[in-house]
Amino acid sequence: MAVREVRIDESAIETLAMEFRGELIRPGDPTYDEARTIWNAAIDKHPGLIARCAGVADVIAAVNFAREQDILVAVKGAGHNIAGNALCDDGLVIDLSGMNAVRIDPEAKTARVEPGATLGDFDHEAQAFGLATPLGINSTTGVAGLTLGGGFGWLTRAYGMTIDNLRSVDLVTSAGTLLHVSETEHPDLFWGIRGGSGNFGVVTSFEYDLHEVGPEVLCGPLVYDAADGKSVIQQVREFNKTAPDELSAWIVLRQVPPLPFIDEADVGKDAIIVVPFYVGDIAEGEELIKPLRELGTLLGDGVGPAPYEAFQQAFDPLLEAGLRNYWKTHNFEDLSDEVIDIALDFSSRLPSPMSEIFLIQLGGEMGRVSHDATAYPHRDASYVINVHTRWDDPALDETCKAWAREFYDAQEPNAQGGAYVNFISESEGEEALAYGDNYDRLAELKKAYDPHNLFRVNQNVKPMA
């Protein structure tokens with residue numbers, strides 16, 4: 001394959017190399033294709049230069065280089081972003097994947113996390129002390145991107161969003177200045193990074209509050225026959241209305257995956273998978289979830305006590321790297337019967353065996369925060385529905401995308417008019433849905449900290465005119 005033309009001044013790259021301690025990777029280098037490979041195989045971008053940073057000084061040098069050369073710049077943490085914003089064509093990628101240290105202070109119950117760390121890195125270190133903070137559900141997800149978009153997962157109803165547990169960050173601005181940002185230092189910027197999706201600079205360190213979690217929690221999948229689908233989802237909907245904050249029950253519509261507690265004859269059938277998660281006393285949790293075991297025709301029961309760290313990896317086989325992905329998402333106040341009917345209709349005609357529809361229960365502690373307390377505004381959403389369209393054959397690209405878009409359009413009249421920024425695959429005006437009523441304030445903040453929109457490879461907020 002021919003090497004793409006590098007559109008960055010070579011002499012400038014040589015000057016950068018003199019002050020750069022990490023690795024500078026160019027097109028044609030032996031590690032170039034590996035360095036530009038990310039989780040979503042549908043993304044195929046060719047940067048002009050990849051700056052794999054070894055520390056904060058490298059980040060500052062890379063930001064200054066991008067600004068001075070007036071080139072497009074993308075920032076890569078773990079490279080898990082669905083939209084592929086970890087990469088750009090022809091410009092500079094500031095690659096933070098090698099900066100992945102996690103330091104736990106078990107006495108203060110805090111964590112210091114570098115931007116290249118994954119959820120698996122974080123959970124492994126924190127669980128050594130029986131501690132955790134709300135994160136996502138896939139261990140290969142990057143902590144940085146998850147946090148900057150808001151962040152929610154199994155612990156969110158009990159302890160809030162990831163950003164609600166963020167104490168401070170260190171951030172390199174578009175001017176190449178390192179700032180310590182918290183409630184008391186640059187509080188305007190601290191507001192903006194909590195949901196502003198990387199628009200304001202490169203975060204080089206995150207500090208989080210931790211909570212006592214595990215080491216065992218009650219969790220796992222209950223697999224129901226899709227023939228009982230509407231009744232199952234309706235019953236979960238009613239169950240969730242009175243569930244305590246310590247309990248979450250998510251629903252996944254997909255084909256039955258091969259699981260150790262599933263009869264081989266049922267693998268591949270359409271199913272409704274109810275996933276309870278309880279952070280608290282195991283015996284109390286068993287009593288609470290009894291109704292969830294009696295919703296219809298049960299094909300398999302995988303619920304039981306399990307290490308929290310292991311459950312954070314439970315969905316990894318269904319979300320492994322190397323497949324092509326496209327997502328669409330809506331927020332909902334509740335799961336009306338019409339919303340359920342549409343979801344069941346689309347799940348009965350999945351475009352690929354790996355595709356699925358997630359009905360994610362929120363609320364609890366997350367919903368007790370004001371919509372304007374952080375840049376993330378959608379505190380009143382009780383559910384997020386996310387369509388995970390996954391396939392491996394490029395010939396299915398348009399078929400899979402069309403199915404997801406059709407689902408999105410069908411659900412739009414029932415939705416709240418908001419979207420979770422980390423679930424947006426492409427820029428189709430959904431940025432405004434992601435930031436909601438906070439958009440103008442974000443635009444003012446963008447004008448103050450990134451007036452020339454250097455950081456625009458994201459769900460972008462343009463500087464206020």
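Student: What percentage of the 465 residues of the protein count as buried?

Tutor: This is a predicted model, where local features need pLDDT of at least 70, side-chain atom pairs count only at pLDDT 80 or more, and totals for chains, interfaces and linings use all residues. Residues are numbered from 1 along each chain as its sequence is written, and side-chain values use heavy atoms, leaving out hydrogens and water. Buried means under 20% relative accessible area, with a 1.4 Å probe and protein chains only. Of the 465 residues, the share that counts as buried is 58%.

Student: What radius of gyration does the protein have?

Tutor: The radius is taken over C-alpha atoms, and the globule rule is 2.2 Å times the number of residues to the power 0.38. For 465 residues, a compact globule would have a value near 23 Å. The protein agrees with this, because its radius of gyration is 22 Å.

Student: In what order do the strands of the open sheet of five strands stand?

Tutor: Strands are DSSP runs of E, at least two residues long, numbered from the N terminus. Two of them pair if DSSP finds at least two bridges between them. The edge strands, S5 (102–105) and S9 (178–182), each pair on one side only. With antiparallel pairing, the order is S5-S6-S10-S8-S9.

Student: Which residue in S10 stands opposite Arg112?

Tutor: Strand S6 (residues 110–113) and strand S10 (residues 202–209) run antiparallel. Four bridges join S6 to S10. Opposite Arg112 stands Glu207.

Conventions
Buried < 20%, exposed > 50% of the residue type's maximum accessible area, 1.4 Å probe, protein only.
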